[in-house]
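Colleague: I am new to this one. Could you take me through the terms as we go?

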Amino acid sequence: MKPINYRPAKIEIDLSAIKLNIKNLKATLAKGTEVIAVVKANGYGHGDVQVAKAALEAGATQLAVALLEEALKLRQAGITAPILVMGWVDPIFADVAIEHEITLTVFQSSWLEQYYANFDRQKKLAIHIKLDSGMGRIGLRTEAELKDFLTKIDHRQLNVQGVFTHFSTADEPDTDYYQQQLNRFESMLKIVRTVIKTELFVHIGNSAAALRQASGLFDAVRFGIGMYGLYPSAYIEENRPFKLKPALSLKTQLSHVKKVEAGEVISYGATYQTNQAEWIGTIPVGYGDGVQRKWQGLDVLIDGKRMPIVGRVCMDQCMVRLDRAYPIGTEVTFIGQDGDESIQLEEISAHLETINYEVACLLTDRLPRAYLDET
Ligand code: PMH
């Protein structure tokens with residue numbers, strides 16, 4: 001049974017925007033380059049199952065997540081497309097992946113040895129080999145490590161489907177380090193190909209790489225932030241091949257409106273004091289929803305106009321200075337469009353001195369997600 005939402009606050013996800021971003025990307029990419037939709041962390045806060053389904057409809061051929069749990073959630077929702085878990089999964093859970101036809105990322109000889117310890121398997125585990133070309137996170141890094149790993153591959157127990165790497169600076173103007181990573185990857189890939197003679201599905205690019213170069217990305221791109229209509233960086237936004245359409249908006253309503261005399265204070269810590277008699281609105285959303293205390297000073301949209309958040313953001317509520325009295329129930333937009341005005345995640349992340357990825361991921365499950373699709 002669908003839970004009833006009593007609270008007047010919700011995240012709206014426009015699935016037609018997700019589809020449009022994928023279609024536009026596919027139109028710019030070299031023919032044959034596939035799109036892997038990255039839906040980890042609950043689809044960057046947007047809802048993994050719904051986004052995954054929309055992405056597949058729009059032409060993505062595979063899905064990628066970080067955790068085995070996330071892959072299983074997609075399978076339980078009836079999604080049959082290939083799913084790659086990009087993070088490290090303990091080899092003791094490899095059989096769960098086999099059972100649900102989930103591809104794991106593998107890059108340690110010791111991992112293979114632990115996996116082989118169970119001889120009793122009917123089916124092979126599908127894997128992608130991760131090469132660390134310079135991100136410094138996970139993956140085979142040295143030639144020696146890689147060669148040792150390759151000697152340990154037992155094709156009776158493994159189906160080596162692909163090879164990939166991840167860039168650390170694909171969103172930056174300077175391409176030196178990107179090029180260095182690409183060179184390292186290419187020489188490591190050569191070594192892989194000398195040992196593994198079967199066809200390999202090779203992928204290297206994230207959104208930044210995909211938005212930056214249409215070709216040279218091998219077989220697929222792993223499209224995350226851009227699919228949600230968000231830019232990987234200001235540099236990529238300035239140099240975009242097409243305009244992305246943001247999918248997420250966060251809307252609520254005024255729950256209380258009052259006139260406060262000059263010199264009165266608002267919220268915890270009494271950090272805001274009215275200069276004159278002011279209309280103050282209360283909004284039933286706070287840091288328990290992911291609208292962090294540092295959002296103080298940002299604007300919301302009411303009646304197509306910007307109104308500042310004043311005083312400390314509380315766990316479930318915050319206050320805004322209004323330009324006049326508004327009825328209780330008036331729509332308030334934290335993220336999204338209202339008339340000609342719009343507040344996007346990039347504005348919020350700049351104020352918070354972080355990235356749009358983080359702000360989207362931190363919107364909590366307490367905010368119900370509603371899905372629109374105009375296609
Ligand atoms: N591939 C890997 C291995 C990733 O970790 C990510 C994003 C992507 C693809 C998609 O990148 P995009 O969203 O820029 O398109 N991973 C992360 C991360 O770990 N922290 O921020 C983004």
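Colleague: Which residues surround the ligand?

Modeller: This is a predicted model, where local features need pLDDT of at least 70, side-chain atom pairs count only at pLDDT 80 or more, and totals for chains, interfaces and linings use all residues. Residues are numbered from 1 along each chain as its sequence is written, and side-chain values use heavy atoms, with hydrogens and water left out. The ligand is surrounded by V38, K40, Y44, M86, R137, H166, N206, S207, R222, G224, I225 and Y357. A residue counts as near if one of its heavy atoms lies within 4 Å of the molecule.

Colleague: Why are α1 and α3 called oblique?

Modeller: Angles under 35 degrees count as roughly parallel, over 145 as roughly antiparallel, 65 to 115 as roughly perpendicular and the rest as oblique. Helix α1 (residues 15–28) and helix α3 (residues 48–57) pack at about 40°, with axes 9 Å apart. The two are therefore oblique.

Colleague: Which residues make that contact?

Modeller: L15, I18, K19 and I22 of α1 meet Q50, V51, A54, A55 and E57 of α3. Contact means heavy atoms within 4.5 Å.

Colleague: Why is α7 called roughly parallel to α8?

Modeller: Helix α7 (residues 143–151) and helix α8 (residues 176–195) pack at about 20°, with axes 10 Å apart. That makes α7 roughly parallel to α8. The contact is made by E143, L146, K147 and L150 of α7 and M188, I191, V192 and V195 of α8.

Definitions and conventions:
Axes are lines fitted to C-alpha atoms, for helices over the stretch in contact, and angles run from 0 to 180 degrees between N-to-C directions. Helices (H or I, at least four residues) and strands (E, at least two) are DSSP runs, numbered from the N terminus.
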